[in-house]
Amino acid sequence: MKYMLMDYVGEAGWPRLPRAEQERWLGAYNAYMEAMAKAGVLQSTTGLEPSSAATTVRVVNDKTQVLDGPYADSKEQLGGFHIIDVPDLDAAISWAARSPTALHGVVEVRPLLDRTAHEREFGTAALQPPDGADHA
Amino acid sequence: MTEARDTAAAVARRSYGKLVAFLAARTRDVAAAEDALSEAFASALADWPLKGCPSNPEAWLLTVARRKLIDVARRDLRGEAATAQVQLLAEGLGAAAADAAIPDRRLALMFACAHPAIEVGIRAPLMLQAVLGLDAKRIASAFLMSPAAMGKRLGRAKHKIRHAGIPFGIPEREELPGRLDTVLDAIYAAFTAGWTDPGGTDVVRRDLTEEALFLARLVAELLPQAPEALGLLALMLHAEARRRARRNGDGEYVPLAEQDPALWDWLMIDEAEGALRRAGALGSLGRYQLEAALQSAHVHRRRTGDANWAAVVRLYDALAALTGSPVVAINRALAIAELHGAGAALEALQAVAADARLAEYQPYWAARAELLARTGAHAEARRAYQVAIGLERDPAVRRFLQRRQSALPA
């Protein structure tokens, strides 16, 4: 099964860390990703710029609304994600627990959409609309 | 007709969880396995009275349920997806139907139901449904929830098992103790939900303690080297053995010190003691073994008249160190009262008095009241009883506390 491991991190702390400390963390992240690659579970990995660079967009009454900042204004922000392919949730959890993020932030483990089940429900590979979306 | 019905009912009780576990192990789809199995039971009730009971009812049910599962997969899936799903279902299942002995995967099913990724409060209900086949309505009433809400939460949990990829398996050796704790806690939660009606007047809840005992026996049998599984079984057997003695003929609450040991189920107590001894021999102490040892000490005291309070306090010390529970501290204080007097006990109780959780905890106020009464602080005792009476839900216990309160000298 494929899972996304999402790294939610407190962004405010990072710039305040001394350089040597930052390098130590980066080293830990590199080792972590190397370990996942070596184990043959890592499919892809992506880091994100801090949420200060984020912009949110929605369309209301045919008008595009653009706002500065991330969607959720919480202390922890999505900082990056890895896609891994492992047998089950226990394996995904054990990789999440090895993440340096688990020490200072939170790792959310989410299975990727199961296409088989999805096709059964919708007949096609259409993407699911968000809950409560108004199609009228 | 009745014979077929009886056989189906007996097979249901004995093999329900085994069949669900086996059918769902590959696909992780507990709901689909349950649906297929309930259709298979319906077919059995229609078929067996006419054609007679099959020689291997379990295998018969598995074959029918398996056919239903494959039908559903064929109907709902198209193309490659259907082929893959049917293949998944056919693998292993075919082999098993041909074989008389169906592998017992109930333990794996229990580990899935009590997985840490499943919400704590639904683990016990989920286990009762998936392993024992109890319906949502029955479970809901024992857990004081509406059947609709219970059904929804059970559905959500099954969805999570399936879509989050929660494995059906027994955890690796280093993870086993921690993961087993979640299974045992869920079983104990089912037991205590049944225990909230100690008078045994509510049939639904009464049955639930028996179902929970069945699960505890099952885990102890399937994991004979797990001391805490034996400890939990011993604890539950001890509690169950004294059930009848906890109420007198008028339905009034009888505290342990005043119970008639002749009303205890001594066969069950022997079984509990045996389980506890086997647990002790495995050499790894835990919460449930300590709690069972305390029950055992209480029984020993009543049986022999040996005032073993020093040993009881030591057990509570160990339990308090392990759990840090304020509830343990209350019971420890009551044992200290027997050993060193009510004054020392009140001092011990003072150490946890600041715990906000105790403000609404009836046994804390009842214990306080009892100890205050013994030191002669009658006015304070009366006030503490008042709080305890206000917090109690069980009318029999409430009457007991009221009697204690009115027995205080004016």
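Reader: Does Trp264(B) count as buried or exposed?

Author: Please note at the outset that this is a predicted model. Burial is judged from relative accessible area, and a residue under 20% is called buried. Trp264(B) has a relative accessibility of 3%, so Trp264(B) counts as buried.

Reader: Which residue lies over the face of Trp264(B)?

Author: Arg242(B) takes that place, 5.8 Å from the centre of the ring.

Reader: How is a pair of aromatic rings described?

Author: A search of the whole structure finds six aromatic pairs over all chains. One of them joins Tyr188(B) and Tyr288(B), with 5.6 Å centre to centre and 75° between the planes, an edge-to-face arrangement. This pair links distant parts of the chain, 100 residues apart: Tyr188(B) belongs to helix H9 (residues 176-195) of chain B and Tyr288(B) to helix H13 (residues 287-304) of chain B. Tyr188(B) is buried at a relative accessible area of 18%, and Tyr288(B) is buried at 2%. Another pair, Trp264(B) with Trp266(B), is tilted, the centres being 5.8 Å apart and the planes at 40°. Trp266(B) has a relative accessible area of 25% and is therefore partly exposed.

Reader: Which residues have the most contacts inside the largest nonpolar core?

Author: They are Met127(B), Ile187(B) and Val219(B), in a core of 109 residues. Setting aside neighbours within four places in sequence, Val219(B) is in contact with Leu107(B), Met110(B), Leu180(B), Val183(B), Leu184(B), Ile187(B) and Ala229(B). Apart from that core lies another, of 40 residues, including Val312(B), Leu346(B), Ala388(B) and Ile389(B).

Reader: Which residues of helix H16 (residues 342-350) of chain B are buried?

Author: The buried residues of this helix are Ala342(B), Ala345(B), Leu346(B), Ala348(B) and Leu349(B). Their arc around the axis covers only 160°, so they are on the same side of H16(B). Against these buried residues pack helix H15 (326-340) and helix H17 (362-374) of chain B.

Reader: How many helices and strands does chain A have?

Author: Chain A has four helices and six strands. Read from the N terminus, the elements follow the order β-α-β-β-β-β-α-α-β-α. Of the 136 residues in chain A, 24% are buried. Among contacts in chain A with a separation of 6 or more, 70% come from residues 24 or more positions apart. The accessible surface of chain A is about 9300 Å², and 54% of that surface belongs to carbon and sulfur atoms.

Reader: Where is Ser52(A) placed?

Author: Ser52(A) is in the loop between strand S2 (42-47) and strand S3 (55-60) of chain A. A residue over 50% relative accessible area is called exposed; Ser52(A), at 65%, is therefore exposed. From C-alpha to C-alpha, Ser52(A) and Met4(A) are 23 Å apart in space, and they are 48 residues apart in sequence.

Note on methods
Residues numbered from 1 in each chain as written. Chains lettered and ligands numbered in written order. Predicted model: local features only at pLDDT ≥ 70, side-chain atom pairs only at ≥ 80, totals over all residues. Heavy atoms only, no water. Phe/Tyr/Trp six-rings, centres within 6.5 Å; stacked < 30°, edge-to-face > 60°. Helix = DSSP H or I, 4+ residues; strand = E, 2+ residues; numbered from the N terminus. Buried < 20%, exposed > 50% of the residue type's maximum accessible area, 1.4 Å probe, protein only. Lys NZ or Arg CZ within 6 Å of the ring centre and 35° of its normal. Contact = heavy atoms within 4.5 Å. Areas by Shrake-Rupley, 256 points an atom, 1.4 Å probe, with all protein chains shown as cover. Arc of directions from axis to C-beta. Core = buried A, V, L, I, M, F, W, Y, C linked by side-chain atoms within 4.5 Å.
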